[in-house]
Amino acid sequence: MKVEALRPAVLRIEALHALLVVGLWAVLLPAKVVETWALFVGALFMGVNFLLLSCGISWVLTPFAGKGRIKTGILLLVVKMILFLGLVLALFLRIQLDPLSFTLGFSSLLVAIVLDRLWAFRR
């Protein structure tokens, strides 16, 4: 799959991710099961991470691969991953987010990816 063809899929996945998070929030908030702030922070964290990863592949890794410098592109993506893991650590240690709500927001992107690929497979 070409990099240009991934852009619509990434946008579909992000939109589905947002719908899933809003749906989770609407269903679980009346029961006071989730903390709104942590749910949306987890969803935002994963959504931004996914966008940066997809942009990183198209803007960083692909041009470096064309010039034979794949290791440099991979190193830049690893640096992005380390920065995001550091941010998660700071969120849990400094801000005291509810881990269950954060995980629901975080993992809803994975569900959105699976659903999008299943729909694409059925077409």
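Which residue forms a salt bridge with D116, and how far apart are the closest N and O atoms? R117 does, with the closest N and O atoms 2.9 Å apart. The legends below describe a predicted model, in which local features need pLDDT of at least 70 and side-chain atom pairs count only at pLDDT 80 or more, while totals for chains, interfaces and linings use all residues. Residues are numbered from 1 along each chain as its sequence is written, and side-chain values use heavy atoms, with hydrogens and water left out.

**View 1. Overview of the chain.**
The chain has 4 helices and 0 strands, and from the N terminus its elements run α-α-α-α. Helices (H or I, at least four residues) and strands (E, at least two) are DSSP runs, numbered from the N terminus. Of the 123 residues in the chain, 29% are buried. Buried means under 20% relative accessible area, exposed means over 50%, and partly exposed lies in between (1.4 Å probe, protein chains only). The chain exposes about 8,200 Å², of which carbon and sulfur atoms supply 77%. Accessible areas come from the Shrake-Rupley method with a 1.4 Å probe; for residues, only the protein chains shown count as cover. Among contacts between residues at least 6 apart in sequence, 76% join residues at least 24 apart. Contact means heavy atoms within 4.5 Å.

**View 2. Salt bridges around D116.**
The structure holds 2 salt bridges, a salt bridge being a side-chain nitrogen of Lys or Arg within 4 Å of a carboxyl oxygen of Asp or Glu. The side chains of D116 and R12 meet in one of them, at 2.9 Å from N to O. D116 lies in helix α4 and R12 in helix α1, so this pair ties together parts that are 104 residues apart in sequence. R117 also forms a salt bridge with D116, and R12, D116 and R117 are linked in a network. D116 is buried, at 2% relative accessible area. Both arginines are partly exposed: R12 has a relative accessibility of 35%, and R117 has 37%.

The structure holds 5 aromatic pairs. Rings of Phe, Tyr and Trp (its six-membered ring) pair if their centres lie within 6.5 Å; planes under 30 degrees apart count as stacked, over 60 as edge-to-face and the rest as tilted. The ring centres of F45 and F106 are 5.8 Å apart and the planes lie at 25°, so this pair is stacked. F45 is buried at 7% relative accessibility, whereas F106 is partly exposed at 26%. F45, F84, F102 and F106 form one aromatic cluster.

**View 3. Helix α4.**
The 24 residues of α4 should span 34 Å at 1.5 Å a residue, and the end C-alpha atoms are 35 Å apart, which agrees. The expected span is 1.5 Å times one less than the number of residues in the helix. Buried residues in α4 are S101, F102, G105, S108, L109, A112 and D116. An α-helix has 3.6 residues a turn, so residues three or four places apart point the same way.

**View 4. Surroundings of E14.**
E14 lies in helix α1. At 15% relative accessibility, E14 counts as buried. Leaving aside neighbours within four places in sequence, E14 is in contact with G47, F50 and L51.

**View 5. Nonpolar surface patch.**
V22, W25, L29 and F40 form a nonpolar patch on the surface, with about 300 Å² of accessible area together. Patches are made of residues with over 30% relative accessible area and no salt bridge: like charges are joined within 9 Å, nonpolar side chains (Val, Leu, Ile, Met, Phe, Trp, Tyr) within 5 Å. L29 lies in the loop between α1 (3-28) and α2 and is partly exposed, at 31% relative accessible area.

**View 6. Loop residues with positive phi.**
Most residues other than glycine have a negative phi, and most peptide bonds are trans. K32 has a positive phi, near 55°. K32 is placed in the loop between α1 and α2 and is exposed, at 73% relative accessibility. Q96 is not a glycine either, and its phi is positive at about 60°. Q96 is placed in the loop between α3 (70-95) and α4, where Q96 counts as exposed at 56% relative accessibility.
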